[in-house]
Structure formats: C-alpha cells, structure tokens
Amino acid sequence: MAELRWNPLLRTWMIVAPHRADRPHLARDVCPFCPGSGKVPDDYEIYAYPNDFPSLSLTPPEPDFPGDELVPVKPAFGKCEVTLYSPNHNVTLPELPIEHIEKLVAHWRERFEELGSIEGIKYVFIFENRGEAVGVTMIHPHGQIYAYPFIPLKIKTELASCLDYQKKNDRCLLCDLLEKETSEGSRMVYQNAHFAAFIPSFAEYPYQVDILSKRHLQSLSHMSKEEMRGLAEALKCITGAYDSLFDVLFPYMMCMHQMPTDGENYDSYHFHIEFYPPMRERGLLKFNASSESGAWATINPTCPEEKAAELREKVREIAERDHEEGQDASRA
Ligand SMILES: [Zn+2]
Ligand SMILES: [Zn+2]
Ligand SMILES: [Zn+2]
C-alpha cells in the first residue's frame, strides 16, 4: 500500500507509504552498497541504486483508501533511487578527490534529465540525509533522488516568490540576494569563480549554508563543464568545513533546489543548494519543535554572522592545507 493523499489545508500532496515501517534494520556488517554484496556491480564509481523500499513507483498499485472530493487520493506514481557516491564504504564526501565529485555532479545531471523526462514527473529532488541525527544508520556515502508527480510545496512557494519579484523588479530574487550577501560579506562562507556559499541572514539552522551559482541558471543542465567543476569544489569545501567544525561526521540534510521538469517556463528561478544541519554546537542538536513544525515560525538560537565566521575560518584552514599539499606535490 502506498498512495498520494491531498492535504486540503496546505493544498499539497503527501505520500502515505506504511510499508516503509517494515523496513528491516540493516545489519552493519553486511553493507548492500559495497561491491561484493551481490546488490551492486562489483566494479562501479558512482551508482544509481534502486530503492529497496520505494515510497513512489513507476507502476504504483491502485490506492486502497477511497478518496473523495475533500481529500482526493492518487496512486503513488514516481521514482525513488539511491545515489552511491563511491564503492568505498568508509570514505566521506569531502575526502573524495575533486575529479570524483565532478563525476558525481555529472551523474546527478544525467539522473535529473533522465527522471525529469519521464511523462508525469514534475519535480526531481536530489538530496542527501547524512548522519544518525537525521535518521541514517548506513555510513556508506550515499544520497537520494525522488522524482515526484507534483511540485512540492516549498519549491512552489520559492517559485512563486521568484516570479513575483521578477515581475515587480525585472530582476532575479536570488541574484539580488547573492549580491547583498557578497557586498555585506559578514555571512559569506566560501566563493570560487562560479559558486558562492553563505549563511542567509534568515537561516533557519545555525549552520545552514546556501550554495548559489553566480550565473543566473535554473538547473544542472544549464551548467558548463567549468561550472560543474566549480560546484564540485564548493561541495567538497563546505562539507569538509562541516566535518572539521567538531571533528565528527557532521549530520546534515542537503537539498538541491532546481526548476521543475513539467515543461513550463521557470526562467525567474535560480539554482541553489540548501544545507540544513541539525547541530547547534558540539554535542548539541537543534530540534524542530512546535513553533517550527506547528506554525512554520522558525527560531534560530544563534547569530548567523557568528556562525558564518566559524565556518569561514574552517574554509580558510582547508584552503591553506590544500595549498601546502599542492606545494609538497610540486616539490616531490
Ligand atoms: Zn558499504
Ligand atoms: Zn538569478
Ligand atoms: Zn530553496
């Protein structure tokens, strides 16, 4: 049983997927994502693994629950897949060589285009849940992709805001936001030629980082080879800075916001990635509670400018280390 049910109060679809509750706790000594498990090729670099317990499927069963006019119901059409970042069980994203992360970005682009071209798929959401704090017990480096038959509410809201802003100002909301962050500087964390990363002044999480393309573009498909390399560098550096903050595998939710794939025009939207890490300080998690969940009124218990300074320092250390390693390599 799995189906989509309409929430008439929020005017969005939600997914009912109760079979997921039966998901067995995966034994830690047999990792299905490791070569030799029989579940993945013996030789792969990056692999699209079909989700064993998908909430959405291209051949969904008929809904069990009879919908009506107030709460319509639809089959849970769509696709869920797991993205294996590397065959190496213990490697972490920032430890992967830059060339490998470039291949990951190219893989995401290929999956975005392939899944987005399926008739009826309106939104392809690329994301990563990382760490036990966000419910992930598998340490093998991986992310996920959900292909939805609808545009999720948060994306819809952002699209509407960007379109509105464009109409009123003849400019892109996110380009302007990037310009503001660049000129103010206090929340800037990282920059390269093609991408910038900052903690937005309205961040919901202490260490929330948004990565924006410097060029106004809407998806991975619009990126040049240099931009894809720039994105790989930004991801390596930001996740590396996260891991060096408290010397733990830093938990986060990484959410890639791209244009929908329903064939409509989304020129006013702008590609970005939002990182939501639930940690507020060493050993202390920030939980979303009543105000956040019940009213969508978020409370950030920290000052974004101070947290940005902490991350900036880590980014500087990484750049220095890489520079020294580069010098060692050129001497050798
Ligand atoms: Zn593994
Ligand atoms: Zn823009
Ligand atoms: Zn967004």
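Two strands count as paired here if DSSP finds at least two bridges between them. Keep that cut-off at hand for the exercises below, and remember that this model is predicted.

**Exercise 1. Find which strands pair with β1, and in which sense.**

Step 1. Start with β4, residues 73-75: three antiparallel bridges join this strand to β1. The cut-off is at least two bridges, so β1 and β4 pair.

Step 2. Look for the facing residues. In β4, K74 is the residue opposite L4, and V73 is the one opposite R5.

Step 3. Now turn to β2. Strand β1 covers residues 3-7 and β2 covers residues 12-16; five bridges link them, again in the antiparallel sense. One bridge brings W6 together with W13 of β2.

Step 4. Walk along the hairpin made by β1 and β2. Four residues lie between the strands, and R11 has a positive phi near 55°.

**Exercise 2. Work out the strand order of the sheet and say which strands stand at the edges.**

**Exercise 3. Describe the chain as a whole: what does it contain, and how compact is it?**

Step 1. Count the elements: the chain has 14 strands and six helices.

Step 2. Compare the radius of gyration with the globule rule. The chain's value is 20 Å, close to the 20 Å that the rule gives for 332 residues, so the chain is as compact as a globular protein of that length.

Step 3. Picture the box. Along the principal axes, the C-alpha atoms fill roughly 70 × 55 × 40 Å.

Step 4. Check the contacts. Of those between residues at least 6 apart in sequence, 67% join residues at least 24 apart.

**Exercise 4. Locate the largest nonpolar core and explore one of its residues.**

Step 1. Begin with burial: 35% of the 332 residues are buried.

Step 2. The largest nonpolar core holds 72 residues, and V124, V189, A197, V209, I211, A234 and I238 have the most contacts inside it. Helix α4 (residues 225-245) supplies the largest share of this core, with nine residues.

Step 3. Zoom in on A197. Leaving aside residues up to four places away in sequence, A197 touches V189, Y190, V209, D210, I211, A234 and I238.

Note on methods
Residues numbered from 1 in each chain as written. Chains lettered and ligands numbered in written order. Predicted model: local features only at pLDDT ≥ 70, side-chain atom pairs only at ≥ 80, totals over all residues. Helix = DSSP H or I, 4+ residues; strand = E, 2+ residues; numbered from the N terminus. Rg over C-alpha atoms; globule rule 2.2 N^0.38 Å. Buried ≥ 20, exposed ≤ 12 C-beta atoms within 10 Å, placed from the backbone. Contact = placed C-beta atoms within 7 Å. Core = buried A, V, L, I, M, F, W, Y, C linked by C-beta atoms within 7 Å.
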